[in-house]
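Q: Please take a close look at a single part here, starting from how its chain folds back on itself and working down to its local details. I'd like the cut-offs spelled out as you go.

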2 protein chains.
Amino acid sequence: MPSVPFNWQPLAGDAAAGPRAGRLTTPHGPVETPAFIPVGTRATVRGVLPGALRAVGVQIVLANTYHLMLRPGADVVRDLGGLHAVMAWEGPILTDSGGYQVFSLSERRQVTDEGLTFRSHIDGEEVVLTPESAVAAQNALGADVIMALDICPPYPCPREAVGEAVRRTLAWAQRCLSAHARDDQALWAIVQGGVEPDLRRRCAEELVAMDFPGYAVGGVSVGEGHENLRRVLDWTVPLLPAARPRYLMGVGEPRDVVAAIERGVDLFDCVLPTRNGRNASAYTAGGMIRLRNERFKADARPIEPECDCPACRRFSRGAIRHFFQAGEMLGPILVSIHNLRFFTRVFGRLREAIRAGRFRAEAQAVLDRYAGSD
Amino acid sequence: MPSVPFNWQPLAGDAAAGPRAGRLTTPHGPVETPAFIPVGTRATVRGVLPGALRAVGVQIVLANTYHLMLRPGADVVRDLGGLHAVMAWEGPILTDSGGYQVFSLSERRQVTDEGLTFRSHIDGEEVVLTPESAVAAQNALGADVIMALDICPPYPCPREAVGEAVRRTLAWAQRCLSAHARDDQALWAIVQGGVEPDLRRRCAEELVAMDFPGYAVGGVSVGEGHENLRRVLDWTVPLLPAARPRYLMGVGEPRDVVAAIERGVDLFDCVLPTRNGRNASAYTAGGMIRLRNERFKADARPIEPECDCPACRRFSRGAIRHFFQAGEMLGPILVSIHNLRFFTRVFGRLREAIRAGRFRAEAQAVLDRYAGSD
């Protein structure tokens, strides 16, 4: 563990089996877990100023190494004072390793034991990403939590390819550990293994043997579905050390979140609240509402009367619909802010429920009320 | 004058000849004049939440009747609680009459003594705008200050056409007065007359005889240039009552503003700070800087070190450049906020200078420092 304060401390629940509440301490402050991590891909949660993030209870944000190393460049971010300065966000930040985006966004990629070679989706330039360069880029970006370079197989995927991904993910995790050069950042590892129980086990056990200060479950949210996600968590999470933070990557659907918290996961990142917000889809306790709908034209009520976010305290559904119809930035801005607040409120209720020993009832209440659509 | 508090009160300077400082009282609070009015065309200053407007010292905002009557419709705005509710802006609001936009945006327009007929630029539908319907729309929108329907001739324009515009502007002003139905809104008139001194005089004198609670100088900022603007002001402003507010429409260039304040104008609206902000052009005391420029890539300084706006207190030029390069909303948002602060600070300094009896020196200092470009 690094010399600066950096740990996860259990506060309530069952630290080994979950659900569990705790506190992640970082050089930029604490994160009460379970916690939701909004995605600020290019060093900004789209359209939302940091003051608004703080106002809706966001504790930690994620930025994408892949995007930032291509533009403006990890060294440029470092020269501008690091990610905290560029984002004007004083709280904790997490960066991914870039591997996932290489597979989802770039062209003509080649994978060798050395690393990944690909063409930038911006200008077509050839880029090489190795465990060492992924860590160097994240050292330059300066997030509090950084991730080891992994290989995330698609779903479905031949067992042999999943095995190859695990083999490389393990070798690269070791190289990332050796390359990591800043003790004010925590390097976490990512468990891969697809929907193969023995490969998940092997990956988890070998990563745990390397003694990382935190662990992510990766390779999910790639089309495997809710039941497979539960199975992956059942195989994987019990193998992770009870005293270390656990992060489920790219998951934000309420029923997935509930299932994961139940199994002892602490952290979740997901584009859903902001992506849906930009598309005028607002989360409410009664399900999603689509604010471009004609029926909201003269609706003077807020998105959710009981919500305390700046959008709900000041703006009507009709006004927000008008902003979307007119192509005004305030539409995406306001619904993103509301949706982030929806997520932080749900996570707050679930944390509170864990502390009060009534997680299952509260989780069921969330799922019962949240129907999923209008 | 209406029964609710609604007046302009001189506080310093030469109320008749200018420069003059004062206070405009409205049902939604005071406006210290001279004041800048940001443009919130479709009931939002693009990308800027009302809290940020307030934070950078904005006192009053403008919305465009033309845009709002077409979408979402003046009645929809009324049903949503009026413009103050839709904009979530508790301060004073001013709406224009829609006439100017009919000439600049719509197709197949016809002008008769009755009013304007045109095709909506949104869906091509035929719309009729008369003095009565322009006032009814503004009564429904519910701004504090509303404007009489006028005809704004282009520049250059044959003298005969300018005379016809003045004739109709005067007849319509009288009809607007008769149609106006809310005593919590002040209806102001607009002086037209192009660059014809006798037509400006006739229009001003006849409007003043109708006893409006405020007067605008219109038909400027249409290509006539700085020298013609000064001449128009020299002919027109001395004819306006010293005890009533004076508003110069669509003007925001620093040297135009200074010339107009010197001649006794109190209010100015202009799209420049926000439009330039959306294009990455930032006002600074040393002139405009264009933040997409490569030289700002690793510039860790704020736009203006001495500026107290949220953009300058938290974000570097390099970060803002990155947001523009990446197509992120935060670029336009942050530079719009900064530019609005630049304008409110300049107006604040000019108000202070008028109170201190040193307007000319301060105005010269503003113009000397503000070179106009990088």
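A: Happy to. In chain A, 66% of the contacts between residues at least 6 apart in sequence join residues at least 24 apart; a contact here means heavy atoms within 4.5 Å. Keep in mind that this is a predicted model, where local features need pLDDT of at least 70 and side-chain atom pairs count only at pLDDT 80 or more, while totals for chains, interfaces and linings use all residues. Residues are numbered from 1 along each chain as its sequence is written, chains are lettered from A and ligands numbered from 1 in the order in which they are written, and side-chain values use heavy atoms, with hydrogens and water left out.

The overall dimensions come next. For 374 residues, a compact globule would have a radius of gyration near 21 Å, and the 20 Å of chain A agrees with that. This radius is taken over C-alpha atoms, and the globule rule is 2.2 Å times the number of residues to the power 0.38. Along the principal axes, the C-alpha atoms of chain A fill a box of roughly 60 × 50 × 40 Å. Of its 374 residues, 61% count as buried, meaning under 20% relative accessible area, with exposed over 50% and partly exposed in between (1.4 Å probe, protein chains only). The accessible surface of chain A is about 13400 Å², and carbon and sulfur atoms hold 48% of it; such areas come from the Shrake-Rupley method with a 1.4 Å probe, and for residues only the protein chains shown count as cover.

Chain A contains 15 helices and 16 strands. These are DSSP runs numbered from the N terminus: helices are H or I with at least four residues, strands are E with at least two. One part to zoom in on is an open sheet of 3 strands, ordered β7-β8-β9 in chain A and paired antiparallel; two strands pair if DSSP finds at least two bridges between them. At its edges lie β7 (107-111) and β9 (126-129) of chain A, each pairing on one side only. From one strand to the next, the twist averages 15°, using axes fitted as lines to C-alpha atoms (for helices over the stretch in contact) and angles from 0 to 180 degrees between N-to-C directions. Strand β8 (residues 116-119) of chain A is joined to the antiparallel β9(A) by 4 bridges, and Phe118(A) stands opposite Val127(A) there.

The loops of chain A have some backbone details too. The bond from Thr33(A) to Pro34(A) is a cis peptide with omega near 0°, and Pro34(A) sits in the loop between β3 (29-33) and β4 (35-38) of chain A. Another cis peptide bond runs from Tyr155(A) to Pro156(A), with omega near -5°; Pro156(A) belongs to the loop between β10 (145-147) and α7 (159-179) of chain A. Ser221(A) is not a glycine, yet its phi is positive at about 60°. This serine is in the loop between β12 (215-217) and α9 (225-236) of chain A, and its relative accessibility of 38% makes Ser221(A) partly exposed.

Finally, the partner chain. The same surface serves both: 100% of the contact residues of chain A recur in chain B.
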